[in-house]
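Keep the sequence and the model open beside you as you go.

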Amino acid sequence: MSFTVGDFVQRKTGGPKMTVIDEDGEALICSWVELGVEQRTEVQANEVNLYHEDDDFGVC
């Protein structure tokens with residue numbers, strides 16, 4: 001699956017809803033806000049899925 005800047009993703013193992021802010025092939029740079037501070041991490045595209053919500057809550 002390919003992702004583009006602006007996509008919302010979540011690690012397959014759970015975790016926060018992240019925004020793809022840069023992509024380079026299979027590497028994605030993602031950000032999210034935790035306690036009012038922006039966090040960033042690099043993940044491989046095969047480690048995440050597009051984010052979706054079940055009812056009123058995200059998938060954790």
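**Exercise 1: the sheet**

Strand β1 (residues 8–11) pairs with β5 over 3 bridges, in the antiparallel sense. Strands are DSSP runs of E with at least two residues, numbered from the N terminus, and two strands pair if DSSP finds at least two bridges between them. This is a predicted model, in which local features need pLDDT of at least 70 and side-chain atom pairs pLDDT 80 or more, while totals for chains, interfaces and linings use all residues. Residues are numbered from 1 along each chain as its sequence is written, and side-chain values use heavy atoms, without hydrogens and water.

Task: find the order of the strands and the edge strands.

Solution. Step one: the open sheet of 5 strands runs β4-β3-β2-β1-β5, with antiparallel pairing. Step two: β4 (37–44) and β5 (48–50) each pair on one side only, which makes them the edge strands.

**Exercise 2: Val48**

**Exercise 3: Ser31**

Task: is Ser31 buried or exposed?

Solution. Step one: Ser31 lies in strand β3. Step two: Ser31 counts as buried because its relative accessibility is 9%, and buried means under 20% relative accessible area, exposed over 50%, partly exposed in between (1.4 Å probe, protein chains only).

Technical notes. Helices (H or I, at least four residues) and strands (E, at least two) are DSSP runs, numbered from the N terminus.
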